Amino acid sequence: MTALKKAWRSVLRHRGKTLTALAVSVSLSLFLCLFAGNLEQNRAEWNRLSDGADIRIQITSSNGQQKTGLLIDDDRLEKIEATGLAERGLYTARALFTDSEDQEEDVRSPHFNGHILAAYTADTPLTEAGEDNISYFSGYDSSLFGGSEAVCLLQEDFLNSRGLQPGDSYHVRLNTLKEGGEVYPAGEAEFKIAGTFRESGSGFANAVAVCSYDTLKAALSQFNLHIWPSSAWLKVKDPTQLNRIKEAMKEANITSVLPQAYLFSTQGSAAVINDRKFILRAEPLERNIRLLQSLYPLFFAAVAVIAFLVSYLLAQSRRDEIAVCRSLGESRTGVFLQFFWESTVVCLSGAVLGFGAAALLSGISPGMLALPLLGYLAAYLLGAAAAILLLNRTNVIQVLTTLD
Amino acid sequence: MSVLAVSDVKYAYQSRYRVVNVLNDVSCSFEMGKFYAIVGKSGSGKTTLLSLLAGLDLPVSGDIFYEGSSLKELNRDQYRRQEVSVIYQAFHLFPLLNALENVMYPMELNHKKGKEAAQTAKELLRRVGLPESIEKQLPARMSGGEQQRVAIARALASQAKVILADEPTGNLDSENGQNIVEILLALAHEEGKCVIIITHDEEIAGKADVVYTMRDGRLDN
């Protein structure tokens with residue numbers, strides 16, 4: 001008869017001991033299941049919170065009052081983006097340009113009257129003015145704001161005043177803003193006219209040309225010139241990494257707002273993050289998760305210890321049986337396997353009952369409990385194996401002669 | 001030729017506070033077809049000698065030979081399964097196995113299959129004088145004599161050449177005790193087995209072919 005069959009027979013016949021061990025196993029597994037379920041529920045809540053959070057980093061003046069009309073160092077924004085933790089929301093920038101129709105092209109002249117070229121990372125400012133505000137030329141759509149192709153949209157009246165058509169090339173002389181707010185000549189640039197708009201959205205109400213942010217950036221970089229966004233906000237990709245993002249902002253010299261500052265800078269050196277609600281909900285969750293996670297290994301250790309004690313006591317009560325088995329020629333391995341299989345049957349039965357009960361009571365998905373179940377089985381059987389190994393070292397002579 | 005030979009065996013164990021010397025230079029031999037009695041006072045080392053003969057432990061010094069091979073070199077689990085059987089004063093039946101299952105246990109250890117093992121077990125129970133009605137009974141429902149007979153049947157199940165019995169009649173009344181001794185004598189003289197029995201009973205010792213006397217861990221013939 002195999003050790004497994006002997007074990008099964010023994011489990012069925014030692015009813016009292018089996019029920020005791022089973023009760024312990026059910027209790028341990030039930031408790032573990034509820035514990036694991038609680039942890040999984042906290043984690044699921046944490047994921048829901050993170051996925052649903054819309055957290056933005058709004059670049060502002062140093063006192064936090066001004067969000068537009070700034071002079072933001074684009075390098076700082078790139079540094080934050082490079083962390084991979086935040087992505088562009090909406091950047092805006094502007095440049096001044098003149099064309100062949102304009103008489104005065106010298107920016108230093110008091111009669112200089114350049115036209116505003118507004119650059120955006122999305123078509124939001126235009127669509128805010130109305131869906132039918134924009135008319136794209138064949139082959140173009142709002143995706144042009146995500147690229148750096150040298151295309152632009154022209155305001156309808158301006159287009160007509162220049163006798164241009166969508167699809168035409170448009171030559172301009174670009175001027176940009178330098179650090180300090182001074183207008184600085186850049187050079188000649190050519191854009192393809194990809195469409196028209198009736199009026200621009202907020203921020204650049206007088207813009208007669210609109211292009212993508214990266215288009216303007218590319219155009220200026222030809223002349224080794226920097227782009228200086230006038231407003232920017234970034235979207236936090238992973239709210240659970242807020243602390244890392246704040247570190248990255250510090251490294252990029254973007255600080256917290258100083259609301260009481262009398263003198264303030266419009267260099268876009270501060271930021272406001274709308275993370276308060278998220279933090280209020282996330283911090284307790286995070287604390288719970290950390291606490292439960294820290295208790296996990298202790299719990300498995302406790303399971304192993306309890307399993308060791310229960311198995312030891314139950315096997316100890318059958319020490320004479322072990323001695324008789326050995327005296328009849330059963331090997332140590334045979335004895336170990338028989339008692340180990342008994343523990344396995346009890347452990348598995350208890351785990352199924354315990355976990356089943358917990359899944360019913362708490363509504364936790366059984367799939368969530370697979371790993372804790374495996375951990376429980378491993379810990380229990382480890383404890384049981386240690387107990388049986390210890391008792392297997394029994395001095396048979398001493399036991400049998402004591403009994404006699 | 002001796003089936004078992006004990007040569008200058010010493011045995012000791014560590015108790016809590018000291019080393020206890022149990023056997024001191026014990027030498028003796030046992031042959032097939034004979035009934036041996038080992039007598040002596042309590043604590044003289046009789047049971048320890050029997051346990052060493054059963055291969056439950058090894059001597060501290062000296063050696064025990066089975067059919068010329070040292071027990072130190074044999075697989076002692078296999079030796080206990082196939083070559084030697086032990087009968088105890090307290091019977092030591094498995095309490096939750098019935099009579100048939102107790103007798104079948106050594107056969108299961110020797111990989112004898114279900115029906116064949118059951119049939120052999122039934123024959124052995126008949127041989128020791130137990131009726132069919134005892135087969136499904138648990139030891140708790142049997143008398144002392146019945147339990148000891150089941151123990152003898154279990155000892156015969158492995159077809160061992162050597163039967164060791166430690167005070168087999170100690171817990172029995174005189175009638176049952178005599179019946180048990182008769183069975184053991186028959187195993188030695190009629191079946192040719194080597195039967196070694198520990199006893200305090202002079203009458204039983206008187207029926208033995210050879211009597212060894214244990215005194216303070218030493219053996220006298």
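The elements that cover the buried residues of helix α7 of chain A include β1 (56-60), α3 (74-82), β9 (231-236), β11 (270-273) and α8 (276-316) of chain A. Contact here means heavy atoms within 4.5 Å. Helices (H or I, at least four residues) and strands (E, at least two) are DSSP runs, numbered from the N terminus.

The model is predicted: local features need pLDDT of at least 70, side-chain atom pairs count only at pLDDT 80 or more, and totals for chains, interfaces and linings use all residues. Residues are numbered from 1 along each chain as its sequence is written, chains are lettered from A and ligands numbered from 1 in the order in which they are written, and side-chain values use heavy atoms, with hydrogens and water left out.

## Helix α7 of chain A

Which residues of α7(A) are buried? Within this helix, which spans residues 242-251, they are Leu242(A), Ile245(A), Ala248(A) and Met249(A). Buried means under 20% relative accessible area, exposed over 50%, and partly exposed in between (1.4 Å probe, protein chains only). Viewed down the axis of α7(A), the buried residues fall within an arc of 120 degrees, so they line one face of the helix; the arc is that of the directions from the helix axis to the C-beta atoms. Asn243(A), Lys250(A) and Glu251(A), on the other side of α7(A), are exposed. Just after the helix, Asn253(A) takes a positive phi of about 60 degrees.

Ser50(A) belongs to helix α2 (residues 15-52) of chain A and counts as buried, at 10% relative accessibility. A polar atom of the Ser50(A) side chain lies 2.8 Å from the backbone oxygen of Trp46(A). A polar contact is a pair of N or O atoms within 3.5 Å; within protein, one must be able to donate a hydrogen and the other to accept it, and residues adjacent in sequence count only if both atoms are side-chain atoms. When neighbours within four places in sequence are left aside, Ser50(A) is in contact with Pro239(A), Thr240(A) and Phe278(A).

Asp73(A) is placed in the loop between β1 and α3 of chain A. The side chain of Asp73(A) reaches the backbone nitrogen of Asp75(A) at 2.9 Å. The C-alpha atoms of Asp73(A) and Ile227(A) are separated by 7.7 Å, although the two residues are 154 residues apart along the chain.

## Salt bridges

Over all chains, the whole structure has 25 salt bridges. A salt bridge is a side-chain nitrogen of Lys or Arg within 4 Å of a carboxyl oxygen of Asp or Glu. The table gives some of these pairs.

| Asp54(A) | Arg56(A) | 4.0 Å |

Glu342(A) lies in helix α10 (residues 332-362) of chain A and Arg318(A) in the loop between α8 and α9 (319-327) of chain A, so the pair ties together parts that are 24 residues apart in sequence. Both Glu342(A) and Arg318(A) are buried. By contrast, Asp54(A) counts as partly exposed at 43% relative accessibility, and Arg56(A) as partly exposed at 35%. In chain B, Glu31(B) is partly exposed, with a relative accessible area of 30%, and Lys34(B) is partly exposed at 30% relative accessibility. In chain A, Glu45(A), Arg48(A) and Arg281(A) are linked in a network of salt bridges.

## Chain B and its interface with chain A

Chain B has 7 helices and 10 strands, and 55% of its 221 residues count as buried. Among contacts in chain B between residues at least 6 apart in sequence, 71% join residues at least 24 apart.

How many residues of chain B are in contact with chain A? There are 23 from chain B, in contact with 24 of chain A. The area buried between the two chains is about 2,200 Å², with carbon and sulfur atoms giving 57%; buried area is the accessible area (1.4 Å probe) that two parts lose on being put together, summed over both. His92(B), Leu96(B) and Glu108(B) supply 24% of the area that chain B buries against chain A, more than any other three residues.

On the side of chain B that touches chain A, the elements giving two or more residues are β1 (2-14), α1 (46-53), α2 (76-82) and α3 (99-109) of chain B. Of these, α3(B) gives the most, with 4 residues.
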